[in-house]
Amino acid sequence: MKNNKLAILLKGIITENPVLILVLGTCPTLATTGNVISAFSMGIAATLVLICSNAVISLLRKVIPDTVRIPCYIIIIAGFVTALQMLLQAYLPSIYDMLGVYLALIVVNCIILGRAEMFARKNPVLDSVMDGVGMGIGFLVALLLMATVREVFGAASFAGISIPFMEYFKIPILTQAPGGYLVFGFLIALMNKLNQKRGGVKKKSFSCEGCPSASACHGGCENGIKEGDTNV
Amino acid sequence: MKNKLFPTLALGIICLVVVLVLAAVNTVTAPLIEKAQAEKVQKALAEVMPEGVNFTEIEVDGLPAAVTKVYSEDGGGYVFQMSVVGYKPGLVILCGIDANGVITGADFVSSNETLSAEVGLGKNFIGFTSDTVTVELVAGSTAKKTTSAYYSAIEAALEAFEIISQNSEGQEDTK
């Protein structure tokens, strides 16, 4: 029982890291990792919303009708995000200004809606909270890792504190959007390499049902047959 | 019927609960947000008019449409808040003009567009008057729509200052 909860928690941080393995929440990841403080703020804000929304959606999972579950999830998530916006604007206005539009965009963050749909609606409250904590920490760690690389090597500072000896070696493009993509790519590659040692990332198998290429492919992709092969 | 009624009811109840929770949070945070915004405005006013003291919001009729707020200060200067359209609407700019009609500073208050080099545009206008300010001041930037909007905001501020000055001169003549 205890191990099960720990496994749910660790899954979000390492084996199913939402940013580096599932490649979800890419927009805030790229946008807020220019400096460590904004990355930390975004990570904490998203984690709080994730935990609260997972808990409430899990609590209401037997009440919410299947046909309107997505609108219900979005209303619940939007409610938490709006409340968080008000609280930040009142108590931490500098953080509110720093995150800007990305704070409101937490409503449509795929990690939060994804965990509601894939986990919270099928599991009890405590497990859903643990999943929220794990995924939130995973998101936060990925953001901090990326922001550290971008700020230290791109702006020669850490959390706004200047690092004088890095001033001569800084690579300014890392603080720009192309640098963000570059660091993101390298971190995903690094995560894949580390995961290979642990047996690799499990590839999920999808059936041909609903695939737009099904009529041309005839299941070829599943069997490793390349496009253009005639022996299908 | 039940299949349609229950989902509608469930969604309605969830909306209602969320609205009630948000109303409660708003009751607690609204005064604090108002206070924080007032402090932010005072800070922004002091930035565009560093020597200004005691800013008071005043209402003046007949100003250009772009001017949304006017603050007077004890030394006879004014700070104008303009809302103009750059790439998107909502480009809000503050401009301070002292009693002699000289621009003391200009800055963005808020915008809905991605600003880069335009952030520092305001300092180009410091020391200029309505006679000396020209479009060349902002022509160096590549973001034409934002810079053009910035220029139009400064022009509106100078025009508003002229109107207020003329009004006060007229009042003195009447006395």
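**Close-ups of a predicted two-chain model**

**View 1. H8(A) crossing H9(A).** The axes of H8(A) and helix H9 (residues 177-197) of chain A come within 10 Å and cross at roughly 130° (axes are lines fitted to C-alpha atoms, for helices over the stretch in contact, with angles from 0 to 180 degrees between N-to-C directions). Helices here are DSSP runs of H or I with at least four residues, and strands are E runs of at least two, numbered from the N terminus. On the H8(A) side, A:Leu145, A:Met146, A:Val149, A:Arg150 and A:Gly154 make the contact, meaning C-beta atoms, placed from the backbone, within 7 Å.

This is a predicted model: local features need pLDDT of at least 70, side-chain atom pairs count only at pLDDT 80 or more, and totals for chains, interfaces and linings use all residues. Residues are numbered from 1 along each chain as its sequence is written, while chains are lettered from A and ligands numbered from 1 in the order in which they are written.

**View 2. The buried side of H7(A).** In helix H7 (residues 110-120) of chain A, the buried residues are A:Ile111, A:Ile112, A:Arg115, A:Ala116, A:Phe119 and A:Ala120 (buried: 20 or more other C-beta atoms within 10 Å of a residue's own, C-beta atoms being placed from the backbone). They span an arc of only 135° around the axis, so they sit on the same side of H7(A). Their packing partners are helix H3 (36-59), helix H4 (69-91) and helix H8 (125-155) of chain A.

**View 3. Where chain B meets chain A.** Chain B puts 15 residues into the contact and chain A 18 residues.

Technical notes:
Two residues are in contact if their C-beta atoms, placed from the backbone, lie within 7 Å. A residue is buried if 20 or more other C-beta atoms lie within 10 Å of its own, exposed if 12 or fewer, and partly exposed in between; C-beta atoms are placed from the backbone. The arc is that of the directions from the helix axis to the C-beta atoms.
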